[in-house]
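Please look at the sequence and the structure before reading on.

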There are 2 protein chains.
Amino acid sequence: MHILVTGAAGMLGRKLTESFAKLGGPGGAAVDALTLIDVVEPEAPTGFAGRTVARAVDIAAAGAAEAVVAGRPDLVFHLAAIVSGEAEADFDKGYRINLDATRSLFDAIRAANGAFGYRARVVFASSIAVFGAPFPDEIGDDFCATPLTSYGAQKAIGELLLADYSRRGFLDGIGLRLPTICVRPGAPNKAASGFFSSIIREPLMGRQAVLPVGDDVRHWHASPRSAVGFLRHAAALDSSALGARRNLTMPGVSATVGDQIAALERVAGAKAVGLIRREPDPAIERIVAGWPRAFDAARAQALGFRAETSFDAIVRIHIEDELQGKL
Amino acid sequence: MHILVTGAAGMLGRKLTESFAKLGGPGGAAVDALTLIDVVEPEAPTGFAGRTVARAVDIAAAGAAEAVVAGRPDLVFHLAAIVSGEAEADFDKGYRINLDATRSLFDAIRAANGAFGYRARVVFASSIAVFGAPFPDEIGDDFCATPLTSYGAQKAIGELLLADYSRRGFLDGIGLRLPTICVRPGAPNKAASGFFSSIIREPLMGRQAVLPVGDDVRHWHASPRSAVGFLRHAAALDSSALGARRNLTMPGVSATVGDQIAALERVAGAKAVGLIRREPDPAIERIVAGWPRAFDAARAQALGFRAETSFDAIVRIHIEDELQGKL
């Protein structure tokens, strides 16, 4: 099996790529070739025995998508995206990458489908950002996508393209609306959602973290390990079970900030919790108020997608996967 | 007020344009200039005292959208579209007009917004084709858009762009999901939905009509007069009442084919009904099975949008508006 990953240098792209070396391909398939692309050259995974081509590519550039799919990968993970904050700050860049490059990629696959009967499984990383308030406490699978960010609009458009191209038989697509990934490893970033991870990650390393919202703020989380699991599960899924609705809200853990802190205390003790400094930020509180709090991800559950069932598990997974199991 | 209408040579575009001559602008505004564009040169409305510029324009062509909005119309009705059947038959043409031209138009308005502080009210003709089965008997305002045609996908994408460009302040948009327009005047066409109109229109002229589906098929209808009313009402609406959800399902009449025929009999007698020839067509029955049957258009109703309340009224309006009131 030949696998293409766009956005392969990102957090999720790296973990997904590493999983091929460790676990093989989705559904137990043997992986003999990887094509890894991103705006910076991705690293080849250590311990992968097959052929790896890793390239820095601007997939929105003319001809780039055609070149990327010229090797006709059996499986395409389209993870490349301009993140929420940047897509909001730079309107043109967001649409260029999140919409135009996505469409170029799908069109390049479609062209090869028409010319060679090529039909790739395409797993598209969408986001719960396709939803915007007001919504019910628990959002069902039939709820409308009315995003409140340009990033969310671009992901929702990607979902529509994926479904239409799949319906027409140009590709075999599955879109996954990923929860907020928590605990994100790495340095704190400027994303409005960053505190959900930093209030866990930083105290676990003995460092202070700032909490800009109240303890009652509820949100939808899954670990990086679950996110990789979603992508791998989607890749091996029988898509006939999906019908025409190709985009699925992924399961997750609905937790308040208070629940997160209580989980941190249970796993790492009161000293860790003491490193969280409350500094309410009305701007962040306003943004977060428009975000989803919980989902009934019934379709994805029925199709075998699994996330953690408690925030304690999310904290423990971070310790296992990022801190070598040590506090 | 300067008004731009794209798709001005179409059935709805012509009726909307005529309404400016008869009734003035939306909300009682005086109209001093009309810009009418379509793939064929639209006719200037008779009896309009203001300045009319009517042009055949391919709005998807480079620079065309900029030229079209160069006169900075206060109000833009974007009706131009490749219809459902053609968008399904010609994938590239459908995306070129229904997606690319829509985005070009919005981007041209956005560029003028950035350069001159120009901010147009944009009324976008969307469609109930954004919905695809399975759905509940009555579709509410929060239901997901999962189209089963490329046309529906393109309209759903147009809705997302309209909402995002409005949220960013580039334009002031309202999208209307129009019901199936019934009774459509003119010659029978090859659209799968054509029979909904032809089984009324043709018998009223003493001609036979073919009914390819069963009497129990239920669908969502509004007259051309209501559709023009929706567009005019949207143009004058206070958009602050919409919040971020800029796209509205329009009210209509939920009627079975049996209801339609009973209304025809009440209005025009048994002889008219005798001209309907039942010729079941499994292909059309299959297509129609995926279409919406009824909506709870609560938001639009609350915002003052009004359709007919019976199919009898739809038949009578056709007789008044297209047959000079005569049977």
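Which residues line the largest cavity? They are A:Lys15, A:Val183, A:Pro224, A:Arg225, A:Ile317, A:His318, A:Asp321 and A:Glu322.

Some conventions come first. The model is predicted, so local features need pLDDT of at least 70 and side-chain atom pairs count only at pLDDT 80 or more, while totals for chains, interfaces and linings use all residues. Residues are numbered from 1 along each chain as its sequence is written, chains are lettered from A and ligands numbered from 1 in the order in which they are written, and side-chain values use heavy atoms, with hydrogens and water left out.

**Cavities**

A cavity is a set of points, on a 1 Å grid over the protein atoms alone, where a 1.4 Å probe fits but cannot get out; lining residues have an atom within 4 Å of a point. Grid points are joined across faces, edges and corners, and a volume is the space filled by probe spheres set on the points. Two cavities of 30 Å³ or more are found by this rule.

| Cavity | Volume | Largest share of the lining |
|---|---|---|
| Largest | about 50 Å³ | H12(A), four residues |

Helices here are DSSP runs of H or I with at least four residues, numbered from the N terminus. In the second largest cavity, helix H7 (224-236) and helix H12 (311-322) of chain B each give at least two lining residues. Among the residues around this second space are B:Lys15, B:Cys182, B:Ser223 and B:Ile314. Its lining also takes at least three residues from each of domain 1 (2-178 + 223-249) and domain 2 (194-220 + 252-322) of chain B, with domain bounds from an automatic or database domain assignment.

For residue classes, Ala, Val, Leu, Ile, Met, Phe, Trp, Tyr, Cys and Pro count as nonpolar, Asp, Glu, Lys and Arg as charged, and the others, Gly among them, as polar. The lining of the largest cavity has three nonpolar, one polar and four charged residues. For the second largest cavity, the lining has five nonpolar, two polar and four charged residues.

**Between the chains**

In chain B, 34 residues contact 34 residues of chain A, where contact means heavy atoms within 4.5 Å. The two chains bury about 2800 Å² between them, 53% of it on carbon and sulfur atoms; buried area is the accessible area (1.4 Å probe) lost on putting two parts together, summed over both. B:Phe91, B:Leu160 and B:Arg245 supply 24% of the area that chain B buries against chain A, more than any other three residues.

Eight salt bridges link chain B and chain A, each a side-chain nitrogen of Lys or Arg within 4 Å of a carboxyl oxygen of Asp or Glu. One salt bridge joins the side chains of A:Asp92 and B:Arg110 (3.0 Å, N to O).

Notes
On a 1 Å grid over the protein atoms alone, a cavity is a set of points where a 1.4 Å probe fits but cannot get out, and a pocket is an open set with protein on both sides within 12 Å along at least five of seven lines; lining residues have an atom within 4 Å of a point.
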